[in-house]
Amino acid sequence: MTELLAKEAHDEKWGMVIDLDICSGCQACVTACSMENNIPFVGEDEMAYGRGMQWMRIRRYWEGEYPEVTPDYQPMLCQQCGSAPCEPVCPVFATLHSEVEKINLQVYNRCIGTRYCANNCPYHARTFNWFDYEIPAPMNSYLNPDVTVRRRGVMEKCTFCVQRIVKGRQQASAEGREIEDGDITPACAQACPTDAITFGNLSDPESRVSKMVRSDRAYKELENLGTEPRVTYLKGGKSYGG
Amino acid sequence: MAADVKPFIGSKASPHQESEAEELRKEHLMLDPMPRDEMNQMVMEAMTTTTRKWWAWVIGLGLAVAVLLFGAWGYMIATGMGVAGIRRPVFWGIFIVTFVFWIGISHAGTFVSAILRVFKAEFRRPFTRAAELMTTFGLAAGALYPLIHLGRVWVFYWMVPYPNARWLWPNFRSALVWDFLAITTYLLSSTIYLFLPLIPDMAMARDRSSGWRHFIYKLLALGWRGTEAEWFRLRKAISIFAYAIIPVMFSVHTIVSWDFAVSTVSGWQSSIFGPYFIIGAILSGVSAVVTILYILRSTMKNMDYFIRKEHFDALGKLILVFSMAWAYFFFNEYILSWYGGDAAVKQVLTLHATGPSAWVWYTMLICNVAIPWLFLWNKKVRRTPWLMFIITLLVNVGMYAERYTIIPLTLGHQRNPFDWGIYNPTIIEVSIALGTLCLFIFLYLIASRFIPLVPVWEVQEGQMSHTLRKVGKTEIPSVTELE
């Protein structure tokens with residue numbers, strides 16, 4: 001039994017905790033994500049029409065009546081659902097669950113662009129390549145060689161920086177050890193100035209994310225739909241501000 | 001012998017009675033028989049007459065198909081899906097709306113032909129083929145959309161279950177794969193069902209034509225000679241197909257509705273979507289039959305003999321019934337969703353009726369409920385072909401609005417207000433949708449001069465089984481059971 005538990009602890013089940021009480025809505029995570037994952041810029045008009053490609057978006061709400069308003073921010077990204085609505089609807093298995101990392105994968109070169117997954121995602125976390133977007137020089141020098149670029153007509157979304165997970169695992173295995181808590185940090189968590197984003201292994205009960213998930217302030221977005229999101233939000237009410 | 005019996009005194013038909021019989025003949029095609037060869041000639045004439053106007057339409061529509069459909073589609077393939085107006089959160093727009101619309105239209109043929117055949121509704125006889133052609137061409141237009149709406153249409157065949165080097169099968173859990181299979185099954189079976197009753201008419205045309213027509217009809221008639229054994233097998237085959245195609249028809253639109261019903265989208269998750277979509281499809285399909293019959297009657301030679309007011313009358317009654325059934329399903333779906341109390345669903349329903357696009361919702365209700373209910377109960381209206389033409393066109397406008405409400409308008413208002421969005425169709429999308437309409441009319445025009453639009457043998461068979469019998473002093477139409 002203890003062996004089983006120990007094995008369980010080394011299984012990977014990646015999760016994220018976002019503390020909304022300290023999120024300032026600065027969009028640093030959005031920028032970092034775009035740079036890390038080679039996300040193209042679509043231009044002002046397309047962005048305003050709702051075709052921004054960001055895998056991570058800051059949902060902004062206003063509370064109260066003008067001028068007495070307080071902003072409310074919620075970074076929204078793919079929730080890497082345990083029971084994901086996007087997966088069964090894809091006719092060609094372009095979106096599926098990875099057995100090792102327990103996250104949703106998007107196989108770009110398998111996708112035929114039915115966009116059914118995007119309709120079926122209650123979080124609207126998926127973005128579609130409406131065109132072939134050019135990445136003008138000198139920005140093309142920033143392209144991350146670890147991440148593939150996508151062509152027009154395919155769907156894409158947050159991968160929990162799967163390239164970093166793979167790198168971290170390889171690093172640990174080269175050093176002859178198990179992955180430790182804090183080895184892997186996705187771009188958004190790395191860039192967050194208030195440290196509102198924490199990433200880690202949910203199957204290890206002692207990891208930072210596992211402890212935070214047990215917090216009184218924890219909730220999951222649209223959990224009632226049975227999607228089993230792997231992203232937990234912490235929100236303690238208005239007294240925390242922002 | 002009946003002919004030898006002398007009429008007894010006083011039984012001489014009064015002029016009043018005679019005119020009554022005359023009226024019955026004028027009214028019912030089945031009681032107004034015509035020598036077989038004359039009727040065959042009439043149909044052949046209707047089929048082979050091509051006016052200058054017809055050519056103008058064919059060429060115009062052919063160009064329209066090339067430019068509006070293939071031109072715009074080609075441009076979209078080369079540039080990207082972004083030339084359509086869809087955006088987050090409305091990932092499906094006009095394409096899927098028009099897809100559902102055409103699949104709906106394609107239900108007419110099967111409904112009119114198979115169900116009315118199974119129930120031996122005699123008024124069906126002259127227009128079964130016109131309706132079956134709608135099925136085939138409606139499917140031809142509709143089946144393009146699963147391709148058109150793909151982001152990468154050049155790899156569409158990945159949806160087809162075929163053995164490939166990667167050992168990858170399509171995802172049979174996906175409603176889109178069910179759709180693909182259902183539509184191909186329906187296309188195949190409805191084409192066979194169109195072809196079977198066509199065989200004797202092809203033979204008829206073969207015997208009365210020469211040149212290239214003779215050659216083609218000879219091929220298509222499959223050597224039909226009209227022997228008793230051939231008729232026996234043909235009837236058997238038609239009967240099997242008529243019964244077998246009914247569940248296929250029901251399955252197709254149910255599966256189309258499952259594209260929506262199995263999703264997590266609030267406003268789509270409704271267990272009544274299957275029958276609701278089927279009723280809608282039949283309503284729009286039967287209406288389209290009337291629209292087309294009106295056009296055929298007013299543009300083709302000799303058609304006013306075959307298509308009479310009685311047919312508009314009968315189909316009008318059907319439309320009224322289906323409009324009522326549609327309203328029942330609509331309100332059932334609406335009220336129970338609303339009563340369920342889910343905040344997101346309530347929001348969607350409220351926005352349908354009060355949001356910026358509420359006019360679509362009201363168009364749907366006016367065209368699908370108010371107009372048929374206000375007009376179709378009236379026999380005079382049902383028997384006025386041009387009025388029926390307008391009403392049935394409006395019903396289809398309403399059905400288009402229904403699909404528009406269900407697809408982009410529901411997708412635009414999901415659970416999170418931050419992600420709400422309004423969708424504006426672009427000229428490319430509208431052009432492709434119009435392009436498939438042109439394709440449908442184009443195919444129909446070509447077919448109308450190529451195959452007999454009236455199933456002559458069925459009409460003749462019907463006329464042989466119908467007689468006016470004298471009962472007492474009145475003449476009563478009677479039907480002989482044939483099968």
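Entry 1: I began with strands S2 (residues 57-63) and S3 (residues 70-76) of chain A, which run antiparallel and are joined by seven bridges. This is a predicted model. I looked for one facing pair and found Arg59(A) opposite Gln74(A) in S3(A).

**Entry 2: the open sheet.** Next I traced a sheet of four strands in chain A, in the order S8-S1-S10-S9. The sheet is open and its pairing is mixed. Strands S8 (197-201) and S9 (218-219) of chain A each have a single partner strand, so one side of each lacks a neighbour in the sheet. I then checked S1 (residues 14-19) against S10 (residues 231-234) in chain A: they pair in the parallel sense, over four bridges. Met16(A) stands opposite Val231(A) in S10(A).

**Entry 3: backbone exceptions.** Most residues other than glycine have a negative phi, and most peptide bonds are trans. I looked up departures from that.

- The bond from Ala137(A) to Pro138(A) is cis, with omega near 5°. I placed Pro138(A) in the loop between strands S6 (127-128) and S7 (155-156) of chain A.
- In chain B, the bond from Arg88(B) to Pro89(B) is cis, with omega near 0°. Pro89(B) lies in the loop between helices H3 (52-79) and H4 (94-105) of chain B.
- Asp195(A) is not a glycine, yet has a positive phi of about 60°. Its relative accessibility is 49%, so Asp195(A) counts as partly exposed.
- Asn302(B) has a positive phi near 65°. I found Asn302(B) in the loop between helices H12 (273-299) and H13 (303-306) of chain B.

Notes
Residues numbered from 1 in each chain as written. Chains lettered and ligands numbered in written order. Predicted model: local features only at pLDDT ≥ 70, side-chain atom pairs only at ≥ 80, totals over all residues. Heavy atoms only, no water. Pairing = 2+ DSSP bridges. Helix = DSSP H or I, 4+ residues; strand = E, 2+ residues; numbered from the N terminus. Buried < 20%, exposed > 50% of the residue type's maximum accessible area, 1.4 Å probe, protein only.
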